[in-house]
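Hello,

Here is the structure you were waiting for. My notes on the aromatic rings and on a few charged residues follow below it.

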Amino acid sequence: MNNKVSEYASMIESTYKYYNDGEEPENIGDWKPIELSDKFTVWKDDELKEIIIANRGISLNNAEDISTLTQEIIPSYITGLRGGYRNYGSNMLNDYKDLRAVYDKYETEYEDYYIKPVGHSRGGSLALRLGREMNVETHAFAPVQSKILQYESNHDPNNINIYLTNTDYTPKFIRDDAMSNENKYVLDRKALDDNMITRLIGVSGHSIINWIEDINEVDESDKDVVSDKVDDKVDDKVDNKVDNKVVSDNLDDNLDDTTVINQVMGLNLLQVYNLYPSINKKLLRKLFLQFDINGDKLLNTSEYSKFVRALKAY
């Protein structure tokens, strides 16, 4: 698990603990909590010159949260399953206004700091909306999402990072959306969860603790890779223009390797990364998803051949 991602998830978990148990958050790495509230906490790293607004999800101890869940989130989800679109109501709108006010406040007070919204579930949805509207780096964990909401604003999709599991039904419309160019990272919860009941109802797959490093010490061979690592800085964008000679030489070397050819019956993304260590991971992931025709997260011989031809064209 990427350390930054784990830190963001830990901040969100601290927000839950502060609201549910009154537990005062401690520093997380170099991040210090500077504001605490019922629905979010704010964290600051002076060395990075960054501020994180960490938003929690629904709490069943809160009557307003239960109203949001039963009257806004669930009806919107059901409408989406029926092929329609229904946006959220007044509670979510008010929550978003509160979040936007916090963002504006810190943007004014800390002009030379970069402000990132992060959130889980309901808080993930709010973070996504703010990130898309303000076009800033955003990290959303298992966000609830009404259908097609992500297309309501013009933003750089590379700023948006969404973390999902394959057993969680909540972010269905994000996970199933093949049109979005936003960054999605899917954790194979089935490989981590031995409890069939919790797997079936998706509870464990929705929890924020899935992305906290110390409970996810699972060998990479036992689970899908959570895609490529998230950049620490928003301006550390990866240039997809790869030197043709380097790519060609690397590909030719790999194609001559009989071990590689023997593996082509089923290459997963981690193996592709290992085969082409000098090539841009975002490019590899993009082509991998493009040519994984049957969606089994493996490239068979035919798919891999198409993958190689496309990679050579860059």
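The model is predicted, and the count of aromatic pairs in it comes to 5. A pair of aromatic rings is described by the distance of the centres and the angle of the planes. On that basis, Y106 and Y110 are a stacked pair, because their ring centres are 6.0 Å apart and their planes stand at 20°. Y106 is buried, at 4% relative accessibility. Y110 has a relative accessible area of 22% and is partly exposed, since the cut-off for buried is under 20%.

F141 and Y163 also form a pair. Their ring centres lie 4.7 Å apart with the planes at 20°, so this pair is stacked. F141 is in strand β5 (residues 138-141) and Y163 is in strand β6 (residues 160-165), so the contact ties together parts that are 22 residues apart in sequence. Are these two residues buried or exposed? F141 counts as buried, with 0% relative accessibility, and Y163 is buried as well, with a relative accessible area of 1%. F141 and Y163 belong to one aromatic cluster, together with Y185 and W211.

Next, the charged residues. Two arginines sit over tyrosine rings: R56 lies over the face of Y19, 4.1 Å from the ring centre, and R129 lies over the face of Y96, 4.4 Å from the ring centre.

K184 is placed in strand β7 (residues 183-187). What is the relative accessible area of K184? The value is 12%, so K184 is buried. The C-alpha atom of K184 is separated by 4.8 Å from that of I162, a residue 22 positions away along the chain.

R285 is found in helix α11 (residues 281-291). R285 has 15% relative accessibility and therefore counts as buried. Which part of K184 does the side chain of R285 reach? The side chain of R285 reaches the backbone oxygen of K184, at 2.4 Å.

Another is the stacked pair of Y106 and Y110.

Regards

How values were computed: Residues are numbered from 1 along each chain as its sequence is written. This is a predicted model: local features need pLDDT of at least 70, side-chain atom pairs count only at pLDDT 80 or more; totals for chains, interfaces and linings use all residues. Side-chain values use heavy atoms; hydrogens and water are left out. Helices (H or I, at least four residues) and strands (E, at least two) are DSSP runs, numbered from the N terminus. Buried means under 20% relative accessible area, exposed over 50%, partly exposed in between (1.4 Å probe, protein chains only). A polar contact is a pair of N or O atoms within 3.5 Å; within protein, one must be able to donate a hydrogen and the other to accept it, and residues adjacent in sequence count only if both atoms are side-chain atoms. Rings of Phe, Tyr and Trp (its six-membered ring) pair if their centres lie within 6.5 Å; planes under 30 degrees apart count as stacked, over 60 as edge-to-face and the rest as tilted. A charge sits over a ring if NZ of Lys or CZ of Arg is within 6 Å of the ring centre and within 35 degrees of the ring normal.
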